[in-house]
Amino acid sequence: MTTKKLYRGICLALSGLAASPLALAQSTPAVEEMVVTSQMRTFASSSVSEEMLDQVSGASSVLGAIDYIPGVLVNEGDAFGGDDWSTTISIRGFQVSLDEQQLGMTIDGIPNGNSNYGGGSKANRFLDTENLAAVDVVQGTSDIASWSHEALGGSMNFRSVDPTSEAGLTASTTFGDNNARKIFARYNTGEIMDNTYAWISISGSDIDSWIDGSGESNRDHIAAKLKGYYDNFELTGYISYDDAHEDNYQRVTPQEFAEDPTWDRLTGNWTGIPHVDQLYRRAWSTLRKNLLAYAKADFEVSGIDFSTSVYHHDNSGRGDWIPPYIVDVRNDGAGNPHSELNTGAPALGGSPLGTITFVDADGRALQPRPGCESSLVFPYGGAGPAYDPACFPAGALPVSSYRHTVYEKQRTGFVADFSWVQDFSQFDNTLRGGFWYEDNNRNESRDWLKVIDSRTSYNFNHVPYWTQYDRSFPQETMTWYLEDTVAVGPLTARLGVKQYLVDIDREDEHQGGLRTASVNSDSDVLLSGGLVYATPIDGLEAFVGYAESFSSIKDGVLEANQTALDSVEPETADSMDLGLRYTTGMFNASLTYYDIEFANRITYIPEGSTDGIDYLGESDGAYVNVGGIDSSGVEAAVQASVSETLSLYFSYTKNDSTYIGTPDPAANTLLGVFPGNTVFGSAEDMFVISADWRRDSFSAGLTYKNVGDRWLDASNTTRIDGYGVADLYVGVDLAEYLQGLDGASIKINVTNLTDKSYIGGVAGGWGGWIAPPRTATATLTVDF
């Protein structure tokens, strides 16, 4: 971003501050036990209730808490959310997956730094489930004050618990199926200084893969939060560190699922044949470390409320694969041993000369016997003689690589929100606005390392023989918004404007940081607005809202060459909500009709498919605009407290998401876009029925979610069967039975109670992940 542009943006934001009294950023609605709808908003929004949190096991991801919200579908590779590769989230046909990142995500209002697999971080990297207070979900017309590059189809704000006024220790242990085990402890300090309180927590979890137990997911997490309440301001500080190692699950085709619905075709036994061992699960891994820290001050000056935050985020890690060959990157001369097999300084960049699959004892490449036909039939339908050990003489040594894609990211940002409320004789007026600046630098490199002995194990030489590429993506973001809300009697109207100014570069570290690509990803001034009418019926209000949303070009898109980049445009969406809300406390209901036109849709076309993986592809795929999506539908939710002990919840979603396509039919054919077809992976029908019971020391809940048939591919030729899944929890308060404790409880969670077999999340347009089977956990919590 140029200095001139940044100066212009800051002046615009500051001039707004000086022009009129302005007040505190958007208020976050208080979450009561059963609040699932929010009033006085001109768009659909929901908050996770206490009962919804009870459905989530202590060993599970915080992402699972939103799966019961209308319009929301969450699929994870196991019952614990222990694999980012297989995690998908869908809201109104907008998705977070390997293909797309179209939903905004914040933690205590702080932007998460994008949600993609390649260097992004979802909310589960920053919050333990035990430290989750609530989740606010805005479907469709995202709140103007949500800070995100991705909020085309809605946004999610995950809120952490505040420190308590009393000192105390909460400790819990969770254990269950698949050798799941988690230890958690949080210490509330009480008052450490005048009106200042804090907590610190630590946890560790280990889970084996539910498919044959051949992989594992390990996670260590440390977090702390501070709250200070003073005469003129309120101070909040938060820091979290997360270290995760996840062995992945892989997608299967419907045919493979029909053949064996319990196996994703990754293997648990090392065979010594590199072509087969490229699917060894422990070498399909996601390693991530995330450190997030923020400091927030809320204060008032001359009747103006302000909320300001500064934050820093460090992300590092890698994604692992195991290609069944060594890449020939040095010209060692005909008949000479290959230097790639020896430890030394890695080759930097350059184009491959070929691949090596078998060598003799001196390290010279061997060729298969002429006329030999391979007997390999797994995976990817088999391979040619160059990969079959039977086509080489006795004593030939198989060779293969361990490939690391290494991710690093550093983000530092500043957020300032303000709001001014004035009561006039005829109406009330609220003017609010905000400013967001972030400096972000992401680095991605790819190392190829030799498997030490491909006959015996996947252990690898940690010194790479080739660094295929090493590039950085500096990015600067500046965003501002202004919104005015006027309340006249029963009618409330709002009108807002917002703009994104985003610049991204690509720098080649092999060329000393030379800039090799750049893109300006600024938005137009985006409009939003709406009306809320409080009807004469107490608790009933009608609302209509409109918003223009924008998603900047992600740095991952710059992984393609500049020619491809020049043809990519930022994504936009125009959204409209129209609905009714009724809230009395004992009975809450909402009904929303939405219509969204999504343009310039950027789609990730992955290299991995049923035909194999192009391990040498520098970006694992490509990003292209494929026209857009029309999405419309109806969402309904009803919650009722039937008695003091029983509450019921029901939600229904009818969604119709179809491809718009490009104006050029030939381009549609080339890109595999089919105008009028249903967006693959989007659920057309969903409903949730839930019952929660509490009496004395006992609690229990049963939830059933039904998801209709979905299309697997954009051509709408392959249909995935719908499914219905029941989840159960039972809890007992043990405090009265255990003297000397401040509290104690045990809770049992069972997901997929009927052991339904189905395909869950989908991506890539050819396959989906097998959903986890019935999984039970038990959590014992003790308060001291």
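This is a short chat about a few features of the structure above.

User: Hi! What kind of model is this?

Analyst: A predicted model: local features need pLDDT of at least 70, side-chain atom pairs count only at pLDDT 80 or more, and totals for chains, interfaces and linings use all residues. Residues are numbered from 1 along each chain as its sequence is written, and side-chain values use heavy atoms, with hydrogens and water left out.

User: Thanks. Is S57 buried or exposed?

Analyst: S57 counts as buried because its relative accessibility is 5%; buried means under 20% relative accessible area, exposed over 50%, and partly exposed in between (1.4 Å probe, protein chains only).

User: And what does S57 touch?

Analyst: Leaving aside residues up to four places away in sequence, S57 touches T129, T174, N749 and T777; contact means heavy atoms within 4.5 Å.

User: How far is S57 from T751?

Analyst: They are 694 residues apart in sequence, yet 9.1 Å apart in space, C-alpha to C-alpha.

User: New topic: which order do the strands take in the open sheet of five?

Analyst: The order is β1-β7-β8-β5-β6, with mixed pairing. Its edge strands, β1 (45-47) and β6 (110-111), each pair on one side only. Strands here are DSSP runs (E, at least two residues), numbered from the N terminus, and two strands pair if DSSP finds at least two bridges between them.

User: In what sense do β5 and β6 pair?

Analyst: Strand β5 (residues 104-107) pairs with β6 in the antiparallel sense, over two bridges. I107 has I110 in β6 as its bridge partner.

User: Last one: where does I202 lie?

Analyst: I202 lies in strand β11 (residues 196-208). I202 is partly exposed, with a relative accessible area of 49%.

Terms used. Helix = DSSP H or I, 4+ residues; strand = E, 2+ residues; numbered from the N terminus.
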